[in-house]
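Subject: Structure for you to look at

Hello,

Here is the structure I said I would pass on. My notes on it follow below.

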Amino acid sequence: MDDEGFTEWAAGCQRSLLRTAYLLTGDLHRAQDLVQEALIKVALRWSRLRDGNPTAYARKIVVHDNVSWWRRHRETPGAQPDDAVPDEISSDSVTALVVRRALGRLTPGQRAVVVLRHLDDLSERETADVLGVSVGTVKSQNAAALARLRTGAPELLDLTGGPRE
């Protein structure tokens, strides 16, 4: 394994992966575990991944491992995450709290789509690839999530200064 190349890559993407994992889970410790497992899995496959897109592979691992964890523990969809916002995730704790509470109102599938599409800025195709679903599913989950957020999370409109319906 090219330790230097892996170390440089891991240092460059770790914060982004942690942010994604945290937004998906609402739990810093679980997010850190997900990222650590993803980095280990990438490290084991580094020789094949280094010339491709190891970050996309790591993100896919984070999402899939989170879904597996959720299924094993039968977490209640839409459960509210803790209100504490770790400093390493966001410097603007008020914004982070509003976003986390809004994300907590979504189903796990909707939450994954919103995090990947709007917060990680992936395309519909990239989001579908990470989630292992069709582009149509990404579009429908995104539309349902945004509709739910419009009606159930008006504080987002206050935060963004958007028009109220």
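Which residue forms a salt bridge with Asp129? The partner is Arg125, and the closest N and O atoms of the pair are 3.1 Å apart. Please keep in mind that this is a predicted model. Asp129 and Arg125 are separated by about one helical turn, because they sit four residues apart in helix α7. Asp129 has 40% relative accessibility, so Asp129 counts as partly exposed; Arg125, at 46%, counts as partly exposed too.

Other salt bridges

A search of the whole structure gives five salt bridges. In one of them Arg59 pairs with Asp120, with 3.4 Å between the closest N and O atoms. Arg59 belongs to helix α4 and Asp120 to the loop between α6 and α7, so this pair ties together parts that are 61 residues apart in sequence. Arg59 and Asp120 are both buried.

Glu124 and Lys139 form another salt bridge, and here the closest N and O atoms are 4.0 Å apart. This pair links helix α7, where Glu124 lies, to helix α8, where Lys139 lies, across 15 residues. Glu124 counts as partly exposed because its relative accessibility is 29%. Lys139 counts as partly exposed as well, at 46%.

Nonpolar core

The largest nonpolar core has 42 residues, and the members that touch the most others are Phe6, Trp9, Leu39, Val42 and Leu103. Among the elements that give two or more residues to this core are α1 (3-25), α2 (28-44), α4 (54-73) and α5 (93-103). The largest share comes from α1, with ten residues. Leaving aside residues up to four places away in sequence, Val42 touches Phe6, Trp9, Leu49, Pro54, Tyr57 and Ala58.

Helices α6 and α8

How do these two helices cross? The axes of α6 (residues 108-119) and α8 (residues 135-152) come within 9 Å and cross at roughly 95°. An angle of 65 to 115 degrees counts as roughly perpendicular, so α6 is roughly perpendicular to α8. On the α6 side the contact is made by Gly109, Gln110, Val113, Val114, Arg117 and His118. On the α8 side it is made by Val138, Gln141, Asn142, Ala144, Ala145, Leu146 and Arg148. Sorted by type, the residues of this contact are six nonpolar, five polar and two charged.

Regards

Note on methods: Residues numbered from 1 in each chain as written. Predicted model: local features only at pLDDT ≥ 70, side-chain atom pairs only at ≥ 80, totals over all residues. Heavy atoms only, no water. Axes fitted to C-alpha atoms, helices over the stretch in contact; angles between N-to-C directions. Parallel < 35°, antiparallel > 145°, perpendicular 65-115°, else oblique. Contact = heavy atoms within 4.5 Å. Nonpolar A, V, L, I, M, F, W, Y, C, P; charged D, E, K, R; others polar. Core = buried A, V, L, I, M, F, W, Y, C linked by side-chain atoms within 4.5 Å. Buried < 20%, exposed > 50% of the residue type's maximum accessible area, 1.4 Å probe, protein only. Salt bridge = Lys/Arg side-chain N within 4 Å of Asp/Glu carboxyl O.
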